[in-house]
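Please find below some comments on the model under review. They are set out as numbered points.

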Amino acid sequence: MIDLTSPSFIADPYPTLAELRKEGKPVWHEPTGMFLAAGYKDANQVLRNRDLGRIFTPKEPSDQWEAFNWLHSDSILDSEPPKHTRLRSLVMKAFNPKMIEALRPEIERITDELLANAEQVLSEAGQFDLIADFAEPLPVKVIAHLLGFPDKDEHLLRPWSQAIVKMYEVSPSEADKDAAKLAGEEFASYVHELMLERKQNPGTDLISDLAAVEEAGEKLNTHELIATCVLLLNAGHEASVNGFGNGMVATLQNPEQLAKLKADPFGIAETAVDEFIRFDAPLHLFERTATTDTEVGGVTIGQGQKIASLLGSANRDSAIFENPDQLDLTRSPNPHIGFGAGIHFCIGAPLARLEMAISLPALMSKFPNLSLAKDPVRRPSFVLRGYEQVLVNAGQ
Ligand code: HEM
């Protein structure tokens with residue numbers, strides 16, 4: 001039975017996931033109490049099958065977990081139609097390709113600012129942290145800008161988000177649970193205050209727009225509004241930080257692909273970004289619950305039972321991808337499911353792609369001889385896979 005929490009699995013889950021795919025069907029996993037769908041066909045079906053729902057199980061005791069519970073049960077990600085359709089359609093207006101493209105100058109400005117800062121750190125310390133100095137602040141600043149989250153409080157976003165998402169890991173500790181509960185309360189009450197303020201003094205930001213929808217009546221209640229803002233603020237940076245970090249480390253460890261990227265950073269940025277997400281997925285596991293007896297890959301998932309779609313494993317399936325264990329920054333087509341599939345397909349995919357397609361070539365142009373200064377440090381988690389620290393220098 002695979003241990004999804006063991007340090008050796010977390011260091012490199014791919015050989016074990018390859019073994020799991022050899023089973024050719026979803027496998028029951030006793031420690032987590034769910035089936036694991038590791039092959040592309042099954043994992044994709046889990047995300048698309050409408051009899052497998054995203055159903056949030058409230059945390060007990062519910063009075064202590066109140067804010068955490070409704071932040072999930074009233075969010076887009078953890079609801080199903082018709083509520084999901086209503087909530088999703090409200091934010092899709094802000095995430096359409098035209099609106100996202102309009103963010104380009106702001107993303108370029110933030111990228112330039114961060115690269116200038118990284119250059120400064122480099123000149124003082126001889127190295128900088130690709131995560132803390134670049135990959136992390138970039139999406140945090142972009143999503144904060146889009147929602148109108150105050151600059152002075154941006155530093156609160158990452159700790160709140162990280163505390164909350166620890167609950168998505170396979171077995172969170174008691175300390176993690178306490179931290180998640182507290183972060184949920186603080187984040188919800190902060191956004192509530194902000195929303196009340198925006199109702200009084202509307203701006204041109206997404207929080208003001210959503211607050212106006214709530215004011216107008218039926219479409220959005222207060223909890224839904226807060227849950228939507230918190231979800232966007234969290235989802236808007238968490239996976240982007242890790243996707244960029246994972247992809248950059250994989251490239252820096254692969255001389256052939258690094259040479260390709262150096263030779264034409266702007267030309268291959270778009271395919272490189274999707275290969276970053278495919279090769280070492282920042283999000284590995286999403287659960288669904290069967291609302292009726294449902295068959296996946298020849299296995300019956302009984303009503304009420306859970307099944308997980310293993311995205312990172314699916315993206316290494318040789319039935320779909322040629323040389324799946326090789327990083328290929330010009331891979332095309334690249335039908336990975338790192339952004340999900342079906343009705344919960346990532347709303348922020350165009351934004352995440354644009355951010356990376358701008359920041360990756362800008363980084364490589366500024367520091368063409370970028371190299372790892374030390375072994376990168378992994379975060380001890382499987383579901384949200386990423387690095388804690390990636391120290392780099394500018395090479396010769
Ligand atoms: C590399 C970056 C990203 C990756 C890999 C990623 C991946 C995903 C995946 C796999 C899902 C589906 C979860 C499921 O089916 O259960 C999802 C949903 C979602 N993502 Fe992303 N995401 C990224 C960036 C973003 C950004 C920048 C935003 C911006 C707001 C965002 C907002 C959302 C939202 C709101 C949902 C819920 C959609 C729904 O339930 O209908 N994501 N994301």
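**Notes on the model**

1. Asn323 is exposed, having 9 other C-beta atoms within 10 Å. Here a residue is called exposed if 12 or fewer other C-beta atoms, placed from the backbone, lie within 10 Å of its own. Asn323 is not a glycine, yet its phi is positive, at about 45°. Asn323 belongs to the loop between H17 and H18; helices are DSSP runs of H or I with at least four residues, strands are runs of E with at least two, and both are numbered from the N terminus.

2. This is a predicted model, in which local features need pLDDT of at least 70 and side-chain atom pairs count only at pLDDT 80 or more, while totals for chains, interfaces and linings use all residues. Residues are numbered from 1 along each chain as its sequence is written.

3. The loop between helix H17 (311–314) and H18 also holds Pro333. The bond from Ser332 to Pro333 is a cis peptide, with omega near 0°.

4. A cis peptide bond also links Glu60 to Pro61, with omega about -15°. Pro61 lies in the loop between strand E3 (52–53) and helix H4 (66–73).

5. The ligand is surrounded by 26 residues, of which Ala239, Gly243, Gly340, Cys346 and Gly348 are the closest.

Terms used:
Near = placed C-beta within 6 Å. Buried ≥ 20, exposed ≤ 12 C-beta atoms within 10 Å, placed from the backbone.
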